[in-house]
Amino acid sequence: MVGLGKYAATVLGAYAVTILLLAVLVIATLRRGRVMRERLEAQERRMARHG
Amino acid sequence: MAPRSATPVPMILTVSDLAVAQGGMAILEGLSFDLAPGAALVLRGPNGIGKTTLLRTVAGLLPPRAGRIALPAEGTAYAGHADGLKAVLSVAENLRFWARIYGTADIAPALSAMDLQAHADRPAQTLSAGQKRRLGLARLLVSGRRLWLLDEPTVSLDAASVGLFAGAVRAHLARGGAALMATHVDLGLDEAELLDLLAFRARPPAAGQGGGFDGAFDGPFDGAFT
Amino acid sequence: MSIWEYANPKKFMETSSWALPWVTGLAVVTLLTGLVWGFFFTPDDYRQGSTVKIIYIHVPAAMMAINCWAMMLVTSLIWLVRRHHVSVLAAKAAAPVGMTMTLIALFTGAIWGQPMWGTWWAWDPRLTSFLILFLFYLGYLALWEAVDDPDSAADLTSVLCLVGSVFALLSRYAVLFWNQGLHQGASLSLDSKEHVSDVFAYPLWTSMAGFVLLFLTLVLLRTRTEIRARRLRALEARERMA
Amino acid sequence: MLALLLRDLRLATRAGGGFGLSLAFFLIVTVLVPFGVGPQSERLAAIAPGILWVGALLACLLSLDRIFALDREDGSLDLLATAPVPLEGVVAVKAVAHWLTTGLPLTLAAPVLGILLSLPAGGYVWLALSLALGTPALSFIGAFGAAVTVGLKRGGLLLSLLVLPLYIPTLIFGAEAARRGTEGLSPATPLLMLAGITLGALALLPFAGAAAIRAGLR
């Protein structure tokens, strides 16, 4: 690993937190997107059937 | 609509091609009617058709989705479901407050018209439903406005109070005023015109047009997606 | 084609659907190069040692936290003036991203300061401003959840955003007045990059571009979801009416 | 407009109007502090201005959601919106009524409670002055928050979440002015900033509040 010296924990900690928070945000965004899309398609199919 | 008299009398209220929305959705559209002095119009239709929404739009509480509303210069007097009375204040204090808001000096005539003089000093919370509604009507009298907008005016009223209400409205019409009322209950006002809102229910926008946000979703929404 | 074209959500969905893959790809590439370049290929700072590497996430995140609120302010204004539905939905979509960026700035700032300050939190004015900004984001999102009618929710949150922006600025200067501050000095401050020597600056610019693109991708994605949610609500209402 | 102010004042002072509530809350909060922090008077003296300011601020917050919620429940908010009075004026008058029934009494009571926290002698005047300048801003910002959250479910909780961050500049400058006053330094700058914020709030927030009420009436 590149020489992080005695502050290794600090630097890695900061990056870990950032990656964690970004991951939570991206996953939440993607999941909400998929759920909403499926519900919308289901609703449209139902509306189409009933005319 | 209201019978056309010989000379074109200036209309108190003119509504042309009005569309009304609730929760971002158009619920009524293509509404056109007008009220001559002395005319009363009752909005009828099943619950949830949009009677209250239409009345609130005419009162200016809601922006119309489309169309125009020509109101009298001096504005309107609106009365909603609740009477807007402060329970802790007395009948006279409540009425005097509204009188000063509308710039009327004397509340005595309104009190006597609604025969509330006896209860002038009683706190509003001790009044019966009928008396509270009469105080609400007294507020309308005090407002001095020619156009009354009444939402479910006779709800929770006994027969005698309904009669008194009808009398008050007739007197108001006789003085050249006009009234637009939304209710699904008979008001005892036989001479009032009826307007059934079922005919003006907003149809889902046909493909391609339809104003506003929801109208823009025509056809299969996901057609736009790869 | 003026941006008012995008008032029509269908138009926005069409354009965003072909733009999205490109923006996502660009964001991933830029972000990775920026971070890898900064993390592996830059020397340590003579004073701070390797903690300087935190600059590549703290500074961009802090910048994005502020820019996101500015974007929400502009979109709220567009909604209030032009009733542009997609614009206010973009503001609603951007708020959680801005809040996450503020959190990242707060955490990385606290972790970075820990070795020098000796404590995890030293009420440093700049970090405190981000704490206040985080509260504003929280209030904004809570208001969106609390209002049912979509149009009045849009109006209320837009007014709150306007008022909040004024008070966020006021808080920024009140906090500076309140505590002279221990923050790094101008070399690593948000608004003056040129103090940072070039070897640090280039990767910093890259990762900043990466954060901006990441922000764009997430906001596009979330705005599309908001539009779908709004369409779903409209269809359900129409179904009830029929 | 005056009619509205007089009516609101009469409502607040009439039985059940909740006039003394925020004063009682302010007293209780101030009394609780020594139990939490310890009775040593030098320690109390050091934090007295700040504690009194935070106490006054929370006492203000307590009675904010009543400003519009009562009128909405009995329907008079709709009637006021259709009455020939500007909604901006209604919001401003409501905020003034809130200040007269809450902000002013707190400002007068604060020095008295200062004794409980062994506030140094020089501080009383500056504490009262800073509160007198700051509490109007608290009422106007609060009225804006109340206008935004009127009619919402759990509006009271949301109100504090929205309003407290907006109170931060006023709190910082107000408490700082009071603290400098007690230590004999010249509190001119914080007082000026405090007055600036208050004047800005008085001028602009009624418009934002009226816009919020109109949005809420839909």
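Trp205(C) sits in helix α6 of chain C; helices (H or I, at least four residues) and strands (E, at least two) are DSSP runs, numbered from the N terminus. The model is predicted: local features need pLDDT of at least 70, side-chain atom pairs count only at pLDDT 80 or more, and totals for chains, interfaces and linings use all residues. Residues are numbered from 1 along each chain as its sequence is written, chains are lettered from A and ligands numbered from 1 in the order in which they are written, and side-chain values use heavy atoms, with hydrogens and water left out.

Trp205(C) is partly exposed, because its relative accessibility is 48% (buried is under 20% relative accessible area, exposed over 50%, partly exposed in between; 1.4 Å probe, protein chains only). Two elements of chain C, α1 (9–40) and α6 (198–241), each give two or more residues to the patch. The largest share, 3 residues, is from α1(C).

Chain C contributes 36 residues and chain A 30 residues. About 3,100 Å² is buried between these chains, 75% of it from carbon and sulfur atoms; buried area is the accessible area (1.4 Å probe) that two parts lose on being put together, summed over both. On the chain C side, Phe39(C), Arg228(C) and Leu232(C) lose the most area to chain A, together 19% of what that side buries.

Between chain C and chain A there are 2 salt bridges (a side-chain nitrogen of Lys or Arg within 4 Å of a carboxyl oxygen of Asp or Glu). Arg231(C) pairs with Glu44(A) in a salt bridge, with the closest N and O atoms 2.8 Å apart. The side of chain C that touches chain A draws at least two residues from each of α1, α2 (55–82), α3 (85–117) and α6. The largest share of that side, 14 residues, belongs to α6(C). Chain A and chain D, by contrast, do not touch, and their nearest C-alpha atoms lie 23 Å apart.

Backbone angles were also examined. Most residues other than glycine have a negative phi. Arg83(C) has a positive phi, near 50 degrees. Arg83(C) occupies the loop between α2 and α3 of chain C. Its relative accessible area is 37%, so Arg83(C) is partly exposed.

Note on methods
Contact = heavy atoms within 4.5 Å.
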